[in-house]
Amino acid sequence: MKTRKILSLILKSLLLILGVIIVAVIIRTVTFPDAQPYFEKCKVSDSDFIPLNDVRLQHFRTAIQIPTVCTSIDNCNFTAILQLHDHIQESFPLIHSSNFIQRILFANYTLLYRVEGTNSTLPPYMLVSHLDVVPAKAAEWQVDPFSATVKEGYIFGRGTLDVKQTLFGMMEALEFRLAKGQRPIRTFYMAMGHDEEVSGLRGAKAVANYFSSRGITLDFISDEGMVVADGILPGMQTPVALIGIAEKGMATFEFSVSVTPGHASMPAGETSIGILSKAMVSLEQNPHENFFGKGPERLLLEYVVNKMTLPHRVLMANLWLFGPLIARAFALKPNTNAIIRTTTALTMFNAGVKWNVISSTAKAVVNHRIHPLQSVADVLKIDKKIIQDDRVKVKILSAYEPSPISPTDSDGYRILHQSIYQIFEVPVAPALFIASSDSKHFVKLSKNIYRFAPSFLNSAELKGIHGNNEKIKIKNYEQTINFYYHLMINAEKSANLKSAFDKGHQDL
Ligand SMILES: CCCCCCCC/C=C\CCCCCCCC(=O)N[C@@H](Cc1ccccc1)C(=O)O
Ligand SMILES: [Zn+2]
Ligand SMILES: [Zn+2]
């Protein structure tokens, strides 16, 4: 009898606790604050629109057809890069004949344009792109990677998404303004590195030194980065534009094992290949810590929770309860996994000289993209702990720390938010940029660095970046041009934007 009473009490207590939790979840879900300030009245009038005519399309196609491939810092197609310089000059005659626009060359191949505004009291900003592209294996593409084939509503080609579309987009926007007799009010720069894909140490680094040596700081910097993600963020009913407010660091390690070589007919217990392979499998099977809910993605979720389907809203609005579950869900897909942890990619493995020789050495390269909550030293220490084998030696081939986290209450962020919303009319949110950009070299020039390319991409299209069949929708390239056009205009009325945000999206 007594036992039954105790069990009944326990059951009632559990039901009460469950009830409290359910009520708490419901209340949190329905009262979750909407952090997304919307600009309801910012329709773009026709006069504010730059059509993608045949001339502009051909400018872009010709740029894609110039194979500005870099494979290492000393191995770029420098002839092609100079060809691209010429094409840029031929495509934008007003820019190159203007008496208030200066073209500066760095390290023979990197370009910086300075557009002097009429009001020198306004702090300058910078738009960043790059001239170079990664290689492409033509045999694996549907079309020649450097043909700029137009089909199925796309322009195919290496560099259409990474990142000649922003390079020509910003130039077309400025040329259009000049053609309308609109001299910009605010001074801004356009930087175009020639070696971004191989570190930027010759190009962007020289541009950074130019600014530092003159004591020039920048109000904000907009570089390539995150995108308008279509169907990528779980639970989102619409595409969402992600502004990279920080970028991951990077560490590329070479792991090696050396043993006494010998005849394959008399192998010792373990070979260099076997020892190293085991170590690499350990790294691959032991991912770094899942920081879900502790990094910039928490801010991202706060911005978009109310735009999600109800089940996802219940989960995302109640991270206190469902955080561990969502952390595991984010870990399941490469795109979202890259947001929540330091990633580990085994990218090279070399060993052996002949089929009947026990190889003296085996080498492997691992590329880590480091989450802002870790450092290069942390990652190295953790890797060694995972491998736990002193025969495996490690050498740092290259490394740089994660960037600082830029604020979301800056003029620069508001200008990007507004410009994105004008063109795409989708929710806009801050996020962690999962790769890297030349802006890593500019962190001393501005606190407000944002990594965003106006690329409207689904998961399949995203795979084209550094992959096969890279392609941009023709409409998206037109949007890219107009994004930069509105960014330049919005940058000249940023004071209004702040009041609009502060007043909660009234008229601009
Ligand atoms: C929770 C939200 C869902 C997340 C969706 C993820 C969306 C991904 C968006 C963009 C990813 C595409 C990146 C395109 C730009 C890549 C730039 C690049 O290739 N950078 C190089 C730079 C580099 C660094 C060091 C040495 C050589 C090159 C890179 O990162 O490898
Ligand atoms: Zn790239
Ligand atoms: Zn790029």
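Biologist: In which loop is the place of Val 163?

Modeller: A quick word first: this is a predicted model. Strand E7 covers 154–156 and helix H5 covers 164–179. Val 163 has its place in the loop between E7 and H5.

Biologist: Is Val 163 buried or exposed?

Modeller: A residue counts as buried under 20% relative accessible area and as exposed over 50%. The relative accessible area of Val 163 is 0%, so this residue is buried.

Biologist: What kind of peptide bond joins Asp 162 and Val 163?

Modeller: Most peptide bonds are trans. Between Asp 162 and Val 163, omega is about -5 degrees. The bond joining Asp 162 and Val 163 is cis.

Biologist: Which residue coordinates both the zinc ion (ligand 2) and the zinc ion (ligand 3)?

Modeller: The two zinc ions are 3.4 Å apart. The residue that coordinates both is Asp 162.

Biologist: How many residues apart are Asp 162 and Glu 197?

Modeller: Asp 162 sits in the loop between E7 and H5, while Glu 197 sits in the loop between strand E8 (188–193) and helix H6 (204–213). Asp 162 and Glu 197 are both buried. The pair links distant parts of the chain, and its members are 35 residues apart.

Biologist: Let us turn to ligand 1. Which residues come nearest to ligand 1?

Modeller: There are 27 residues around ligand 1. By class, that shell has 16 nonpolar, 5 polar and 6 charged residues. Those that come nearest are Glu 196, Glu 197, Arg 369, Ser 436 and His 466.

Biologist: How far is a nitrogen atom of ligand 1 from a backbone N or O atom of Ser 436?

Modeller: Side chains reach ligand 1 too: an N or O atom in the side chain of Glu 196 is 3.2 Å from a nitrogen atom of the ligand. The side chain of His 466 has an N or O atom 2.9 Å from an oxygen atom of ligand 1. For the backbone of Ser 436, the distance to a ligand nitrogen atom is 2.8 Å.

Biologist: What percentage of the area of ligand 1 does the protein bury?

Modeller: Taken alone, ligand 1 exposes 780 Å². The part of that area buried by the protein is 91%.

Biologist: Which element gives the largest share of the shell around ligand 1?

Modeller: Two elements give two or more residues to this shell: strand E9 (221–229) and helix H11 (334–340). The largest share is 4 residues, and it comes from E9.

Biologist: Between which domains does ligand 1 lie?

Modeller: Residues of the shell around ligand 1 come from 54–246 + 403–501 and also from 249–400. Both domains contribute, so ligand 1 lies between domain 1 and domain 2.

Biologist: One more place, please. Is Asn 108 buried or exposed?

Modeller: Asn 108 lies in the loop between strand E3 (101–106) and strand E4 (110–115). It has a positive phi of about 70 degrees although it is not a glycine. With a relative accessible area of 53%, Asn 108 is exposed.

How values were computed:
Residues numbered from 1 in each chain as written. Chains lettered and ligands numbered in written order. Predicted model: local features only at pLDDT ≥ 70, side-chain atom pairs only at ≥ 80, totals over all residues. Heavy atoms only, no water. Near = heavy atom within 4 Å. Polar contact = N/O pair within 3.5 Å; in protein donor to acceptor, adjacent residues only side chain to side chain. Areas by Shrake-Rupley, 256 points an atom, 1.4 Å probe, with all protein chains shown as cover. Nonpolar A, V, L, I, M, F, W, Y, C, P; charged D, E, K, R; others polar. Domains from an automatic or database assignment. Donors = N, O, S within 2.8 Å, 3.2 Å for Na, K, Ca; no water. Buried < 20%, exposed > 50% of the residue type's maximum accessible area, 1.4 Å probe, protein only.
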